[in-house]
Structures are given as structure tokens and as C-alpha cells.
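Reader: I have a sequence and a model on my screen. Take me through them, please.

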Amino acid sequence: MAVVTPRPVLGIVLLIFVSAAWGSAFPLMKDLIVRVPVADLLAERYGIATLVLLALRPRSLRGLSENTWLTGILLGLLFGVAQTAQAVSLHDLPSSVSGFTVGSYVVITPVLGLFLLGARTSARVWASVALATAAMTAFALMREAEGDIALPALVATLLAAVLYAVHTLLLGNSAEARQNAYAVTVIQLGTIAAMTGALATPDGLTLPSTPGDWVILGHLSIVACALGFLARSWGQVHVSPVSAAVILSTQPLWVTALAVALHGEPLTVGVYLGGGLIVLAMLLVVSPGGLFNSARRGRGPVPPPWPSG
């Protein structure tokens with residue numbers, strides 16, 4: 001296995017792209033599930049994403065070890081259950097509350113890493129976690145409420161946050177995921193598609209009915225899923241799980257930017273405060289010395305993110 005020097009800047013760029021892609025997907029998905037059932041939308045979204053990546057590299061799944069397959073399937077199950085719980089709960093939660101609850105995985109990730117893996121996290125990164133948490137609180141609490149909060153939906157969304165944290169730790173600490181990033185991405189997307197498809201097919205698949213909805217599905221499938229998952233797998237080759245969680249916590253910024261651009265929502269004090277805190281958290285994580293050392297702590301040699309062959 002070839003060994004390369006970690007490239008934190010590359011990891012940062014890739015994870016920022018993931019944050020933007022997933023942040024843009026959040027309001028689009030909330031809009032589309034009104035017309036397409038959740039299970040149907042998820043099955044179509046992840047199915048298309050899997051087919052796109054397989055079309056780009058048809059031989060990507062050949063000659064893989066059993067451990068690589070198991071890693072990809074486990075990652076897919078973790079993310080698939082979390083995504084389904086989050087999507088179903090969107091019906092009964094305001095967007096801001098759902099976003100904040102899911103974003104709590106930025107705190108859950110280092111805590112689970114400490115207790116389950118004994119992973120050490122620097123004071124600088126803990127400070128960035130605190131700032132990111134404060135930012136999400138500002139986004140959630142200083143915006144006008146969009147509706148009542150259903151306790152079962154809130155609990156399900158919190159469970160999703162825990163599963164996202166476990167997914168982040170597994171992705172960042174798995175040798176198979178780092179060595180075969182492309183293949184593991186395809187396997188986990190295919191697993192999510194199969195799981196959600198099993199939930200959707202008994203009643204038949206409901207497809208988008210308008211060109212606009214097909215465009216939204218295309219964005220969700222290709223940009224947010226296929227490219228987003230691939231960029232995350234490659235990004236976490238160079239960035240530690242906790243740092244990755246902090247960078248991905250910038251999603252509310254992209255959600256807000258889309259809401260302002262498309263729906264004319266005002267830029268409130270909460271938006272400015274939350275945005276400022278997110279920027280500070282990012283600066284702490286990506287500043288020289290902090291992220292690079294964090295990315296290397298507890299890891300062996302880093303394989304190249306683009307496997308040959």
C-alpha cells in the first residue's frame with residue numbers, strides 16, 4: 001500500500017464542499033417530501049447516486065476484501081437509519097430545531113471517540129466544538145419558531161445525531177475506508193438504497209411529477225449524495241473525525257444562504273451571531289498546527305485517497 005503525506009488543506013476543501021452540498025439539500029428535501037414519500041425519495045436518491053458512481057468506475061468493486069465490504073455495509077446501515085429517522089421527523093419539527101438537533105453530533109462525536117476509542121482531542125478542537133455548538137444554538141433559538149415540537153420526532157432526530165457521530169468515527173478510523181474510499185462510498189450508498197428501497201417498494205415508488213422536482217432529485221442524488229459522500233470519504237483521509245464534524249457543522253450557513261437567496265428570508269441577529277461563531281470554530285480547527293496534528297494523532301500511515309486500478 002502506497003503512503004502519502006496527509007494534506008489537511010485538501011481535506012478542508014473537500015469537507016467544505018460536503019457541508020455546502022448537504023446544507024443546500026436540507027431545505028430542498030424538506031420541500032420535496034411533501035410530494036414524494038420519504039422512503040421513496042431516499043430510495044431514488046441513493047439508488048441514482050450508486051448508479052452514477054458505478055457508471056464512472058464500473059470495476060471499483062472488483063477484488064475487494066471481506067472487511068472492506070463489511071465496512072461499507074456497516075457505514076451504509078448507520079447513515080441510512082440516521083437519514084431515515086431525520087427525514088421522517090422533518091414532518092413534525094421546525095427546520096431550525098431539526099438542524100440544531102442533528103448538528104449536536106459535533107459534540108457527540110468527540111465524547112463517543114473518547115469513551116469508545118480512547119481518542120485524545122486537543123483543547124483547541126474542544127474549544128471549536130463549543131463554538132460550533134453555540135453557533136447552532138443561536139441558529140435554532142434566535143430564529144422565529146416554525147411550528148410545534150413533537151417529542152417523538154425530537155428523540156428520533158437525536159438518535160440520528162448519535163448514529164451520524166458513530167458513522168463519522170468509523171469512517172475516520174477505518175483503514176478499509178481510507179484505503180478504498182471510492183469502493184466503500186459505492187457500497188454504503190448501495191446499502192442505503194437497498195434498505196430504503198425495501199421500505200418503499202411494497203406500496204410502489206412515487207416518482208417526481210414535475211421537471212422542477214426532477215431537478216431537485218438530481219441535485220440531491222448527484223451533488224449531495226454521489227459527490228458529497230465521495231468528497232467526505234476522501235476528506236476524512238486527511239482530517240480527523242472531530243475536526244471533520246466541526247467543519248461539517250457549517251451546514252446551517254449554507255441552509256441560511258439558500259433561504260435568503262431563494263426565499264428572501266431576513267438576515268437576523270441570530271444569523272449573524274451563529275455565522276460568526278461558526279467562522280471562529282472553523283478558524284480554530286483549520287489553523288496551522290491544530291488540524292494537522294489532530295489529523296495525524298492516533299493514525300498510522302495514510303494511504304492515497306484515489307486508489308490505483
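Predicted model: local features only at pLDDT ≥ 70, side-chain atom pairs only at ≥ 80, totals over all residues.

Author: In the chain, helix α2 (residues 38-56) has the highest confidence, at 93, and helix α14 (residues 290-296) has the lowest, at a mean of 46.

Reader: What pLDDT does the chain average?

Author: Of the residues, 78% score at least 70. Over residues 291-309, pLDDT stays under 50. The model still has 58 contacts beyond four places in sequence for that stretch. The chain averages a pLDDT of 79.

Reader: How many helices and strands does the chain have?

Author: Read along the sequence, the pattern is α-α-α-α-α-α-α-α-α-α-α-α-α-α. The secondary structure comes to 14 helices and 0 strands.

Reader: Among contacts between residues at least 6 apart in sequence, what percentage join residues at least 24 apart?

Author: Burial first: of the 309 residues of the chain, 52% count as buried. For contacts between residues at least 6 apart in sequence, the share that joins residues at least 24 apart is 92%.

Reader: Is P252 buried or exposed?

Author: P252 is found in helix α12 (residues 251-263). Its C-alpha atom is separated by 9.3 Å from that of F26, 226 residues apart along the chain. The cut-off for burial is under 20% relative accessible area. P252 has 17% relative accessibility, so it counts as buried.

Reader: What span is expected for α7 at 1.5 Å a residue?

Author: Helix α7 has 23 residues. Its buried residues include A153, T157, L163 and L169. From its first C-alpha to its last, α7 reaches 33 Å, close to the expected 33 Å.

Reader: How does α7 lie relative to α10: parallel, perpendicular or oblique?

Author: Two packed helices are described by the angle between their axes and the distance between the axes. The axes of α7 (residues 151-173) and α10 (residues 211-238) come within 9 Å and cross at roughly 60°. That makes α7 oblique to α10.

Reader: Which residues of α10 does α7 meet?

Author: On the α7 side, the residues are Y164, H167, T168, L171 and G172. These five are also among the buried residues of α7. The residues of this contact divide into 2 nonpolar, 5 polar and 1 charged. On the α10 side, they meet R232, S233 and Q236.

Conventions:
Residues numbered from 1 in each chain as written. Heavy atoms only, no water. Axes fitted to C-alpha atoms, helices over the stretch in contact; angles between N-to-C directions. Helix = DSSP H or I, 4+ residues; strand = E, 2+ residues; numbered from the N terminus. Parallel < 35°, antiparallel > 145°, perpendicular 65-115°, else oblique. Contact = heavy atoms within 4.5 Å. Nonpolar A, V, L, I, M, F, W, Y, C, P; charged D, E, K, R; others polar. Expected span 1.5 Å × (residues − 1). Buried < 20%, exposed > 50% of the residue type's maximum accessible area, 1.4 Å probe, protein only. pLDDT = per-residue confidence, 0-100.
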